[in-house]
Each structure stands twice: as C-alpha cells, then as structure tokens.
Amino acid sequence: MQLNTTIPKLYFNLENDIDMNNSESEYRLEMNGISKSFGVVSVLKNVNLKVKHGEIHALIGENGAGKSTLMKILSGVHQKDGGQVVLNGEEINPKNTHEGQLLGISVVYQELSLVNDLSVAENIYLHKLGANKFWMNWKKITSDAGKLIKSLGFDINPAAIVRDLSIVQKQVVEIAKALSEDTKILVLDEPTTVFGPTDTQKLFDNLIRLKKEGVSIIYISHHLEEIFKIADTVTVLKDGVETGSKAVSETNTDEVIRLMIGRELKDLYPVRNVKISEEPIFSVKNLTAKDTLVNNVSFSVHAGEVLGIAGLGGSGRTETAKLIFGADKKKSGTITLGGIDLNITCPAKAVKHAIGFVSEDRKEEGVFLPLSVGRNISVTNFKPISNKFGFIYSAKEIANVVGLIDKLSIKTHSRNVIVENLSGGNQQKVALAKWLSIDSKIIIIDEPTRGVDVGAKIEIYNLINEVARKGVGVIVISSDMPEIMGISDRILVMHKGTIFGELPKEKFSEENILRYSIGKNLKS
Amino acid sequence: MALTTKHQLFSPGGLIKFLIKYNTIFIFVLLLIFSAMISDVFFTSINLSNLLKQVSGIGIISIGMLLVILTGGIDLSVGSFVALLAVTFAIMVNTFILPVAIVITIISGFLLGSVSGYLVAYQKMAPFIATLALMTIARGMGFIYSKGSPITFKTPGGEFMANFANNSFLGVPNIAIIFIVIVVIAQVLLYYNVFGRLIIAIGSNEEASRLSGIKVNKYKFLVYAISGALAATAAIIVASRTNLGSPNMGMAWELDAIAAVVVGGASLNGGKGSAVNTLMGVLILGLIGNILNLLNVPSYPQQVVKGVIIVFAVLLQRFEDKH
C-alpha cells in the first residue's frame with residue numbers, strides 16, 4: 001500500500017498531459033454505486049456522483065442525507081463498503097486524507113481544522129511538515145503562503161499565528177490550505193457560513209477562476225441562492241439516496257427543494273395566527289454593557305410576539321442578547337419582565353426569571369455534546385423531577401423528555417442518543433427544547449437555522465410559532481434576511497451597538513433592513 | 001520564533017503587549033533586583049555558582065517535561081527515573097569505563113521513557129496513569145537495584161565525574177553549561193526545526209495534525225523517550241555532584257519540573273510553551289529558594305511561598321491570554 005501512494009502522482013501527471021481533454025469519459029470523477037453503513041445504520045445507498053473537468057458541481061441535501069459522508073469517502077477519511085470511485089479513468093481508494101491529497105483531492109471543512117499555535121504558512125503547508133523532512137525552507141513556505149493568499153484576493157500575514165486571526169481570516173487560511181497542493185478536485189463544505197456578502201463574492205470570483213483553470217469543484221451548501229449563482233450542475237441527496245442530478249440552467253429552486261425533501265413546499269415560512277398582547281411583557285431601557293459595544297439599547301417585547309433583530313456582523317446583536325441573559329456584564333440600564341425590574345448578574349439568574357437563550361454557536365455554547373438528548377433537555381431545571389436530596393426521579397425525567405422530543409420531532413432513535421451524533425438541525429432543536437421544558441417567558445434565539453437544512457428549518461419555524469402561541473415573547477436574531485422577514489412581527493435593526501431603526505411589517509424589505517444596518521435612514 | 005513578526009514592539013500599545021508577553025522574564029529580573037537588595041551575599045560568585053548548580057538537575061528534567069506537556073501529555077515518572085538512573089550510573093561507573101557508563105545510562109533512560117511513550121502513544125493510555133505507573137515501578141527498581149543504600153563512586157572514572165560536576169569553566173559551573181546548552185538546543189528545535197513545530201502542532205490540534213498526515217503516534221512516543229534520556233542526563237549530573245547514586249534522589253522532582261514549565265508560561269493543554277521561558281521558570285523557582293535560604297527561612301514556609309508564587313504566575317499568564 002505504501003508503494004501505491006508514491007507512484008501514482010507521476011502517473012497521473014503523464015495522463016493529464018496527454019489525455020486531459022480526450023479521456024474516454026467526459027467526467028473527471030465518477031463515484032458509482034457508493035454504499036456505506038455505520039453499524040446497522042445505512043448512510044449511503046448506491047449513490048452516483050459524476051463531476052466534469054472544470055465545473056462547479058453543487059451537492060445538496062438535508063442534514064443527514066449523506067453529503068458529508070460521501071465527501072469523506074472521496075477524501076479518504078472513511079472507507080466505502082461498496083461501489084467504486086474513478087478519478088481520471090483510474091480507480092482510486094485513498095486510505096487517509098494524506099493519500100487523498102496526493103491524488104489531488106482537497107477538502108475545506110465546515111469545522112475549522114487549523115492548528116492554532118502554528119503560523120498561517122505552517123498551517124497551509126502542514127502536510128509538508130508531516131512528510132518526514134528534518135529541515136524546512138521556512139522562507140520559501142512563508143513567501144509561497146503569502147503569494148497564495150494574495151492570489152485569493154485577501155491580505156493576511158503568513159507569519160501570523162492562527163490563534164490571533166479572525167474567524168473570516170481562519171476560513172481563508174483553510175481554503176488556501178486546500179489549494180496548497182496541485183488540486184484537481186476541491187470540495188467545499190458550507191464555506192460561506194462565516195462570510196459577509198463581500199467576502200462571499202471574493203470566494204465566488206476565486207471559484208470561477210479555478211474552474212477556468214480546469215479544477216473540478218464540489219460545493220456543498222444550504223444556501224440555494226448561492227448555488228443558482230455559481231454552480232453548473234446540482235446533485236441532490238435524500239436519506240442516503242441520490243434523488244436527482246440536473247444542470248442548474250434546466251431547473252429551479254422549487255424543483256430542487258422538492259428533490260431534497262420529497263414534497264412540495266408551499267410556504268417556507270409557516271403562517272402564524274397569534275394574538276399579540278397590548279401591553280409589553282418585557283422591556284429593556286438604556287441598556288449599556290461594560291465590556292462590549294452595546295450602548296443605550298431600548299426596546300420592548302409583547303407576549304406572543306416574534307421580534308426580529310437584524311444588523312450586520314459586529315453590530316452588537318449577539319452581545320445584546322448575552323447582556324440580557326447575564327452572560328456579559330451590564331454597566332447601566334434596566335431590564336423589566338412582567339412589570340418587575342430584574343437584576344440579572346449571571347445566566348443562572350436569567351434562567352430563574354424564565355429567560356432562555358439559544359446561542360448561535362450551538363456546539364460550543366448550546367448543547368452538551370457528549371451527553372444524551374434526555375440529559376441535555378433536563379439540564380436547565382432538575383427541580384420538577386428530583387427530590388429534595390437531589391436524586392432524580394427517572395420516571396418523571398423520562399416522561400418530561402419524551403414528551404418534548406415528540407413535540408419537537410427531534411429525529412433520534414431514543415432519548416439516550418448522544419447529542420454529538422445528531423444532525424445540526426436536530427441539535428438545534430435539542431438546544432431549544434431545553435428552554436421549553438422550563439416554561440420560559442422570553443426566549444432569545446440567535447441564528448435559529450444556521451447550518452440547518454430546508455426541511456428542518458420549517459420545523460424550527462413551526463416550533464417558534466408554537467412557542468409564540470403559548471404566550472412567550474420570542475426574540476430572534478438572524479442574518480438571513482428572507483428568514484427574519486418571514487417570521488418576525490416587527491424588526492429592530494442594530495448598528496454599531498445600538499438600535500438604529502424599527503420596521504413594522506408593512507415596511508419589511510431587504511433594502512430597508514440594509515439601509516438601517518449601515519446607518520442610513522429610509523428613502524422617504 | 002521562526003515565523004512570527006518582530007514588528008510588534010514598535011507600535012502603539014505594543015510596549016504593553018511586549019511587557020505582558022515577556023512577563024516571565026520581567027518577574028525574573030524583578031526577583032533578581034529584589035534578591036540583591038535583600039541580601040548582600042546574593043551577588044557573590046559562590047552563591048550564584050551554587051544556585052546554578054542546584055537548578056541544573058531539575059532544569060534539565062524540566063526541558064523534558066516541557067516537550068511532553070507541549071504534546072498535551074504529562075510525565076510524572078521523571079523524579080523516580082532520576083533515582084533509578086543515578087543508581088544505574090553509579091553501578092556502571094564502578095564497572096565500566098566512564099564513556100561506556102554514560103552511554104549505558106542515557107540509553108537506559110531513553111528505554112525507560114519509551115515504555116511510557118509506548119503506553120501513551122500506541123496503547124492510548126492516559127499520560128497521567130502511564131507515567132504514574134512508571135514512577136512507582138522505577139522508584140521500586142531503584143531500591144532493588146541499590147539494595148536500599150546509596151552506591152558511591154569507586155573508580156577514577158567516577159572521580160573524574162565528581163570533579164567535573166563541581167568545577168566551573170570561565171566562572172560558570174560545568175553542569176550549568178550543560179543545562180544551558182540543552183535549553184538552547186530545545187529552543188532551536190521548537191522554533192526552527194520541523195520536529196519542534198510538529199510537537200507544537202500535535203499539542204495544539206492533534207486531530208488536524210493526524211488528518212494532515214503527521215505521524216502523531218511516533219512523535220508522542222518520542223517525547224517520552226527523550227524525557228527519559230534527559231532524566232538520565234540529570235541523574236548523571238546529580239550523582240556526580242555528590243559522588244554517589246541514591247534511590248532517594250529526585251523525590252517530587254516531577255512536581256518541581258511541572259511547576260517550572262507552568263511558571264514559564266506553558267499551557268497544560270499543549271501547544272504553547274518555550275524552552276527559554278521554562279529556563280526562566282526554573283531560575284525563578286530556584287531564586288526563590290535561594291533568597292529564602294539566605295534569609296534563613298526554614299524549609300516548610302519555603303514550600304508555602306513557592307506554591308503562592310506558582311499561583312500568581314499562572315494567574316498572570318491567564319491575564320496575558322485574555323489580552
């Protein structure tokens with residue numbers, strides 16, 4: 001097996017020089033009849049994926065449909081159970097990502113896989129470091145790294161330590177890392193999650209340039225509008241099966257969604273008929289934070305209302321939520337719930353007053369990954385299910401949890417499934433369920449559907465509606481404009497740490513939200 | 001550092017950042033000044049020479065500990081290794097010529113460390129447990145091997161080592177020179193050599209390292225073996241200073257080594273630390289002991305002071321990390 005990995009590179013180069021545009025197949029990559037199971041769970045069933053030279057091929061599907069697994073088989077992380085992978089006419093079977101990279105397959109993952117304590121250049125050429133050399137030409141890799149980043153249109157010091165970079169810069173380094181070797185197939189898994197519109201455009205420009213150079217790009221994303229912008233072909237997976245593969249020019253969003261979830265989607269944003277209270281149940285006045293940019297924020301929330309908070313990244317939305325929830329320190333201002341002034345100095349106090357907070361970073365801050373679904377849901381309040389010595393009545397806990405799992409349609413075999421093993425959408429539902437189990441009066445949800453597929457999105461919107469129906473005041477922070485307009489009754493727009501403007505339903509539009517976000521008044 | 005920008009110092013706020021970043025050196029300098037003020041015996045060549053001789057043994061072990069900690073592990077066995085290897089060296093030096101004795105001792109140290117390394121890297125044992133086990137085994141073996149009592153050097157080879165260990169070259173104690181050379185080699189390895197960068201990578205993000213084709217197990221194995229070899233070096237030095245190898249040597253030295261590494265700014269999670277800063281940590285702890293001795297503070301209160309300093313040093317690191 002060792003021999004196998006050192007020889008092919010030469011062989012492939014030869015093949016490429018001679019046969020690149022004349023190979024028998026019009027496809028650079030063919031994955032035929034791929035099957036994979038983890039234990040008894042069948043994750044991929046006879047999946048086909050065919051990618052041409054120099055095309056951008058979108059791979060979409062709900063979470064749990066099998067996209068990541070398919071890519072992991074391609075790159076060498078997992079071994080397939082059945083089928084074959086053919087690259088440039090040769091069957092390949094990489095046993096690890098290093099072998100995958102030698103074959104020209106590079107993957108940029110959703111979860112950042114950088115080494116924080118090394119420099120940018122060392123991260124980009126990490127595989128070179130690992131290739132058993134005793135000496136490294138530091139000057140060369142630093143300048144090569146610098147050139148590579150520049151060619152992508154970004155400006156990052158290649159000698160900087162990754163720990164000190166912003167999340168956007170880290171993502172750029174990830175992409176540069178994937179391009180550091182002679183890449184024939186570039187796989188991008190949700191690359192624009194952390195990017196704003198300008199950086200997304202830069203990425204697209206780069207992808208188009210790479211495409212012209214002949215690189216095949218597999219693009220996984222939940223953002224259908226992105227796919228229709230730059231992809232040539234789209235392949236849809238559903239529950240481990242390929243449901244369709246079409247040229248982007250010959251299809252539309254509706255058809256693609258139908259292929260993804262197997263049903264027509266009348267309304268992405270379910271209608272909510274909830275009576276909103278006359279008087280607000282919750283209000284903040286002149287709220288200012290000690291250490292963050294939140295400054296003089298005032299607003300109120302009514303029972304049964306969904307209040308959207310929009311704004312650009314860094315405008316202070318999450319910081320406001322954290323301030324209300326007691327996770328950050330308050331300098332001045334008041335928080336009032338049900339007419340009573342609350343003195344919230346830490347999250348425990350907020351929870352006591354029935355305020356819930358679902359974080360935008362659910363893996364880090366929302367769920368207990370190694371614990372079970374059941375334990376995750378019970379964790380906010382053991383009181384109703386434990387006796388006075390602290391021992392937990394398992395029967396009560398189980399009943400409570402099972403009821404919620406059912407209500408939220410969390411897809412899990414049982415309440416004992418470890419949350420780490422759930423899909424992103426289901427993890428999000430677990431994070432939400434936590435707060436529902438204690439009858440919160442106000443729930444703040446930060447980016448409710450980040451990294452969640454279309455099918456699960458609707459379920460989460462339904463959940464939000466149900467929560468509002470119970471009389472809870474829901475504050476939703478979202479960077480997804482159609483989403484925030486689709487589910488809110490009112491929208492507040494933040495800019496530089498304060499609320500710049502408020503939009504009633506009649507005034508909802510992307511243009512209006514954007515204008516307020518950058519500190520400009522509406523056109524009159 | 002191989003690849004970090006040196007332009008930080010000359011920017012606004014850069015000076016504060018510099019002070020915070022190099023806080024270990026500043027603590028050390030402050031302590032130095034304080035010591036000079038407190039006692040007029042401090043800056044004498046005898047005292048400084050003694051101080052350096054005293055810290056060299058622990059210092060060498062601390063460098064080995066640093067390498068292990070950088071990969072996210074820990075090595076509790078080094079103190080016991082010193083005892084066992086000191087006994088080994090004494091027996092070897094009484095049986096073979098000096099060069100052979102030295103080589104056998106160091107190889108033995110490497111092999112002992114390899115056992116821990118194998119258990120941690122290939123059997124996936126928690127480093128704490130693996131090295132704890134080796135610690136007890138080695139300590140016991142030391143007593144068995146020496147039959148419970150110290151073994152004195154009886155050959156000319158032994159005599160040579162004893163003299164070497166107590167002499168100085170150009171005013172600097174020989175063993176301190178060895179310690180400093182080891183620090184320099186370690187620093188160069190960590191910041192200019194692939195081996196060192198890989199150690200840091202593994203400690204910083206083991207999964208990413210593995211996925212990039214780095215032979216994680218091999219390097220994890222090696223750091224424990226190297227730690228063992230360094231323990232052997234320390235053992236030779238310590239035995240030579242006193243002209244004997246005793247199974248009671250090195251008691252709790254692993255804790256002192258960990259303290260030195262931590263005071264020197266390394267993170268116990270791995271990925272962060274430098275040899276020069278560990279040297280500072282060693283000197284700081286040695287200095288404290290030295291000052292307290294000069295002030296005639298008895299040894300038990302000395303322990304308390306040491307512990308307090310360690311807490312402050314770590315709190316200071318956290319302050320640095322937050323900013």
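**A walk through chains A and B**

With 13 C-beta neighbours inside 10 Å, Asn46(A) counts as partly exposed. The model is predicted. Asn46(A) sits in strand β2 of chain A, which covers residues 41–52. Its backbone deserves a look. Asn46(A) is not a glycine, yet its phi is positive, at about 55 degrees. Most residues other than glycine have a negative phi.

The setting is a loop. Lys124(B) lies between α5 (98–121) and α6 (127–146) of chain B. Is Lys124(B) buried or exposed? It has 9 other C-beta atoms within 10 Å, so Lys124(B) is exposed.

Back in chain A, turn to the sheet. It is open and has six strands, in the order β6-β7-β8-β3-β9-β10 of chain A, with mixed pairing. Which strands stand at the edges? They are β6 and β10 (241–247) of chain A. Each has a single partner strand, so one side of each is left without a neighbour in the sheet. From one strand to the next, the twist averages 20 degrees.

β6(A) and strand β7 of chain A (residues 185–189) run parallel and are joined by four bridges. One of the partners can be named: Ile105(A) bridges to Ile185(A) in β7(A). In a regular strand the side chains alternate between the two faces of the sheet. Follow β6 of chain A, residues 105–108, with that in mind. Ile105(A) and Val107(A) point one way. Ser106(A) and Val108(A) point the other way. All four are buried.

Further along the sheet, strand β3 of chain A (residues 56–61) pairs with strand β9 of chain A (residues 233–238). These two strands run parallel, and five bridges join them. Within that pairing, Leu59(A) stands opposite Thr235(A) of β9(A).

Helix α8 of chain A, residues 167–178, lies across β6 and β7 of chain A. It runs at about 170 degrees to β6(A). Helix α9 of chain A, residues 197–212, lies across β3, β7 and β8 (216–220) of chain A. Its direction makes an angle of about 145 degrees with β8(A).

Now chain B. It holds 14 helices and four strands. Of its 323 residues, 49% are buried. Take the contacts in chain B between residues at least 6 apart in sequence: 78% of them join residues at least 24 apart.

α5(B) and α6(B) pack with their axes 9 Å apart, at an angle of about 150 degrees. The two helices are therefore roughly antiparallel to each other. Their crossing is right-handed. On the α5(B) side, the residues in contact are Leu112(B), Val115(B), Ser116(B), Leu119(B) and Val120(B). On the α6(B) side, they are Pro127(B), Ala130(B), Thr131(B), Leu134(B) and Ala138(B). By class, this contact has eight nonpolar residues, two polar and no charged.

α5(B) has another partner in α11(B). The axes of α5(B) and α11(B) come within 6 Å and cross at roughly 145 degrees. This crossing is right-handed. The contact of α5(B) with α11(B) has 17 nonpolar, 11 polar and one charged residues.

The last stop is helix α9 of chain B, residues 194–204. This helix is mostly covered, with 10 of its 11 residues buried. Among them are Val194(B), Arg197(B), Leu198(B) and Ile202(B). What do the buried residues of α9(B) pack against? Within chain B, the answer is α3 (45–70), α8 (174–192), α10 (206–211) and α11 (216–242). From chain A, the elements are α5 (120–124) and α6 (126–129).

That leads to the contact between the chains. It takes 19 residues from chain B and 27 residues from chain A. On the side of chain B that touches chain A, the elements that give two or more residues are α9 and α10 of chain B. α9(B) gives the most, with six residues. This side of chain B divides into nine nonpolar, eight polar and two charged residues.

Definitions and conventions
Residues numbered from 1 in each chain as written. Chains lettered and ligands numbered in written order. Predicted model: local features only at pLDDT ≥ 70, side-chain atom pairs only at ≥ 80, totals over all residues. Buried ≥ 20, exposed ≤ 12 C-beta atoms within 10 Å, placed from the backbone. Axes fitted to C-alpha atoms, helices over the stretch in contact; angles between N-to-C directions. Parallel < 35°, antiparallel > 145°, perpendicular 65-115°, else oblique. Left-handed = near helix turned anticlockwise from the far one by under 90°. Contact = placed C-beta atoms within 7 Å. Nonpolar A, V, L, I, M, F, W, Y, C, P; charged D, E, K, R; others polar. Pairing = 2+ DSSP bridges.
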